[in-house]
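Reader: I have the sequence and the model open. Can you walk me through the fold and a few residues?

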Amino acid sequence: MDRRQFFVVSALTLAVSLAASRSGFAADGDGWIQLFNGKDLCGWTPKIRGHEYGVNYADTFRVEDGVIKVAYDKYEGPFRGRYGHLFYKEPFSNYLLRIEYRFVGDQAKGGPGWATRNSGVMIHGQDPKEMTKDQ
């Protein structure tokens, strides 16, 4: 993988913005680029362990009331390590990330204790197209 890194979001996200000068992106007056449009997951692709890149198993990632939500209410059986991430379409190499998040509800049934109230933001990750189904 080249030196650019992929943004990954795997938790409840209210707003994601990026401060970067990059052609093709419209920045607001403060220079921030809005990565989440508040309407849908356009520009974001899920990868959930045990599933191919692009499969949003059990509607894990969804947009409701203008926010990205991560929910496990449609999972059958225990969690079984089905970690999921949303990958942004463009990698960036120079950025500041501004994000708001909050937690509601309970931990995923069978989810590990270390992940309780984890923000879920992973800033650097490999190209998701290179990931295996079980990764």
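**Fold and selected residues**

Author: Along the sequence the pattern reads β-β-β-β-β-β-β-β-β. Strands, like helices, are DSSP runs numbered from the N terminus, with at least two residues (E) for a strand and at least four (H or I) for a helix.

Reader: How many helices and strands are there in the chain?

Author: Zero helices and nine strands.

Reader: What should I know about the source?

Author: This is a predicted model, where local features need pLDDT of at least 70 and side-chain atom pairs count only at pLDDT 80 or more, while totals for chains, interfaces and linings use all residues. Residues are numbered from 1 along each chain as its sequence is written, and side-chain values use heavy atoms, with hydrogens and water left out.

Reader: What share of the chain's residues is buried?

Author: Of the 135 residues, 36% are buried. Buried means under 20% relative accessible area, exposed means over 50%, and partly exposed is in between (1.4 Å probe, protein chains only).

Reader: And contacts between residues 24 or more positions apart, what percentage are they?

Author: They make up 68% of the chain's contacts with a separation of 6 or more. A contact means heavy atoms within 4.5 Å.

Reader: Which strand pairs with β7, and in what sense?

Author: Strand β4 (residues 44-48) does, in the antiparallel sense, over five bridges. Pairing requires at least two bridges found by DSSP between two strands.

Reader: What stands opposite Gly-84?

Author: Ile-48 stands opposite Gly-84 in β7.

Reader: Where is Thr-60?

Author: Thr-60 is in the loop between β4 and β5 (61-64).

Reader: Buried or exposed?

Author: Buried, because the relative accessibility of Thr-60 is 1%. Its side chain comes to 2.5 Å from the backbone oxygen of Tyr-57.

Reader: Now Val-63. Which strand?

Author: Val-63 is in strand β5. With 23% relative accessible area, Val-63 is partly exposed.

Reader: What does Val-63 touch?

Author: Leaving out residues up to four places away in sequence, Val-63 touches Phe-36, Gly-38, Lys-39, Asp-40, Leu-41 and Ile-68. Gly-38 is 25 residues from Val-63 along the chain, and their C-alpha atoms are separated by 7.4 Å.

Methods. Polar contact = N/O pair within 3.5 Å; in protein donor to acceptor, adjacent residues only side chain to side chain.
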